[in-house]
Amino acid sequence: MEVSDLRIFLAVARTNGITKAARELHTVQSNVSARVHALEKEVGAPLFRRHARGVALTNAGEQLLPYAERISRLVDEALHVIGDESDPCGPLRIGAMETTAGMRLPGVMAAFTEDCPRVDFSLVTGPTDQLIRDVLEYRLDAALVAGPVQRPDLVETSVFVEHLALVTARRVTDLESVLRDPKILVFRTGCAYRRRLESILQARGAVGVRCTELGTVEGILGCVSAGMGVSLLSSVTIEQYVGRDQLRVHELSEDEARCETVFVRRADVPPSAALTRFLTHARTVDQAPPVLRMVGGHR
């Protein structure tokens, strides 16, 4: 059984079609059909059921799928680990919270790509919970998320610490009015800062918290400055906002304000040379941001 045949099988299963798989693999349809047929002959059972809209997995195909995924992943991991330590190559898929990607990583990525030009680097952004799932399900090699995570199936490395603050419109001189009618401006479910804001307000006696979800840092801060509610963001983000003079920052206790950004990867997957090199840059490159970038702010 050839690994290349299993990869073709996976492409057909993923796209639900021979033609779509051929397009994705940059080959001809007849080649995909022949390789699938050869694999079916080898396993002794049909793997796909043809229908008007394409193909679907048979019971045998469903049984083969997790093994094919595991074999393909293990081959990729082996190539990653065995790769030349002095000149890393191959794909590296890193996830990051969007504010981290926009404000902390440009210098890291510039230094890393100059240091490792043969690595096919890709960056995926999203909220902490989604990024952790993507690492656990092998869609990402590692991710920068809000910590601590403290999972036995993940290796967690502290990279830097953010200082968080509550932010309201400038006319809000104290938080009592906010607590009487709490309205929060946050990112979607899975955002670590959102959970922390809800916890902070609840600890101060706020009840009936109403929530408005937005997709960008500037969207949230614009609504905050207009008096639509309160939010929780890093001090760096607030300080770099172009409308900073329309905001009021409310300091928190040290425990409430401190939030580590950690680098997580699966514990059962040895780190590749490229991943190790990226983490080194993430921990040593000057990460002070010169400007606020127009990015979403999932944490």
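**Close-up views of a predicted model**

**View 1. Helix 1 and the residue that follows it.** Helix 1 (residues 3–15) has 13 residues, and from its first C-alpha to its last it reaches 18 Å, close to the 18 Å expected at 1.5 Å a residue. This and every other view below is drawn from a predicted model. The buried residues of helix 1 are Asp5, Leu6, Ile8, Phe9, Leu10, Ala11, Val12, Ala13 and Thr15. An α-helix has 3.6 residues a turn, so residues three or four places apart point the same way. Helix 1 is followed by Asn16, which has a positive phi of about 60° although Asn16 is not a glycine. Asn16 belongs to the loop between helix 1 and helix 2 (18–25), and at 43% relative accessibility Asn16 counts as partly exposed.

**View 2. The aromatic pair of Phe9 and Phe48.** The count of aromatic pairs comes to 5. In one of them, Phe9 and Phe48 form a tilted pair, with 5.5 Å from centre to centre and 50° between the planes. This pair links distant parts of the chain, since Phe9 is in helix 1 and Phe48 is in strand 1 (residues 48–51), 39 residues apart. Phe9 and Phe48 are both buried.

View 3. Phe112 and Phe278 form an edge-to-face aromatic pair, at 5.4 Å centre to centre and with 80° between the planes. Here too the pair links distant parts of the chain, with Phe112 in helix 6 (residues 106–115) and Phe278 in helix 13, 166 residues apart. Both of these residues, Phe112 and Phe278, are buried. One aromatic cluster is formed by Phe112, Phe121, Phe263 and Phe278.

**View 4. Helix 13, from which Phe278 comes.** The 12 residues of helix 13 (residues 273–284) should span 16 Å at 1.5 Å a residue, and the end C-alpha atoms of helix 13 are 17 Å apart, which agrees. Buried in helix 13 are Ala273, Ala274, Leu275, Phe278, Leu279, His281 and Ala282.

**View 5. Arginine side chains over aromatic rings.** Arg73 lies over the face of Tyr138, at 3.6 Å from the ring centre. Arg73 is placed in helix 4 (residues 59–82) and, at 24% relative accessibility, counts as partly exposed. Although Arg73 and Tyr138 are 65 residues apart along the chain, their C-alpha atoms are separated by 8.2 Å.

**View 6. The loop between strand 5 and strand 6.** A cis peptide bond, with omega of about 0°, joins Gly147 and Pro148, and Pro148 is found in the loop between strand 5 and strand 6 (154–169). The loop between strand 5 and strand 6 is also the place of Gln150, a residue that has a positive phi of about 55° although it is not a glycine. Gln150 is exposed, with a relative accessible area of 67%. Most residues other than glycine have a negative phi, and most peptide bonds are trans.

View 7. A search of the whole structure finds 0 disulfides. The closest cysteine sulfur to that of Cys89 is in Cys116, at 10 Å, which is too far for a bond. Cys211 is likewise in no disulfide, with the nearest cysteine sulfur, that of Cys191, 9.8 Å away. Cys89 is partly exposed, with a relative accessible area of 32%, and Cys211 is partly exposed, with a relative accessible area of 35%.

**View 8. Asp255 in helix 12.** Asp255 is in helix 12 (residues 254–257) and counts as exposed, at 73% relative accessibility. The C-alpha atoms of Asp255 and Leu164 are separated by 9.9 Å, while the two residues are 91 residues apart along the chain.

**View 9. Confidence along the chain.** The mean pLDDT of the protein is 88, and 93% of its residues reach 70 or more. Confidence is highest in strand 5 (residues 142–146), at 96, and lowest in helix 5 (residues 98–103), at a mean of 81. Over residues 286–298 pLDDT stays under 50, and for these residues the model has 46 contacts beyond four places in sequence.

Notes
Residues numbered from 1 in each chain as written. Heavy atoms only, no water. Helix = DSSP H or I, 4+ residues; strand = E, 2+ residues; numbered from the N terminus. Expected span 1.5 Å × (residues − 1). Buried < 20%, exposed > 50% of the residue type's maximum accessible area, 1.4 Å probe, protein only. Disulfide = S-S within 2.5 Å. pLDDT = per-residue confidence, 0-100. Contact = heavy atoms within 4.5 Å. Phe/Tyr/Trp six-rings, centres within 6.5 Å; stacked < 30°, edge-to-face > 60°. Lys NZ or Arg CZ within 6 Å of the ring centre and 35° of its normal.
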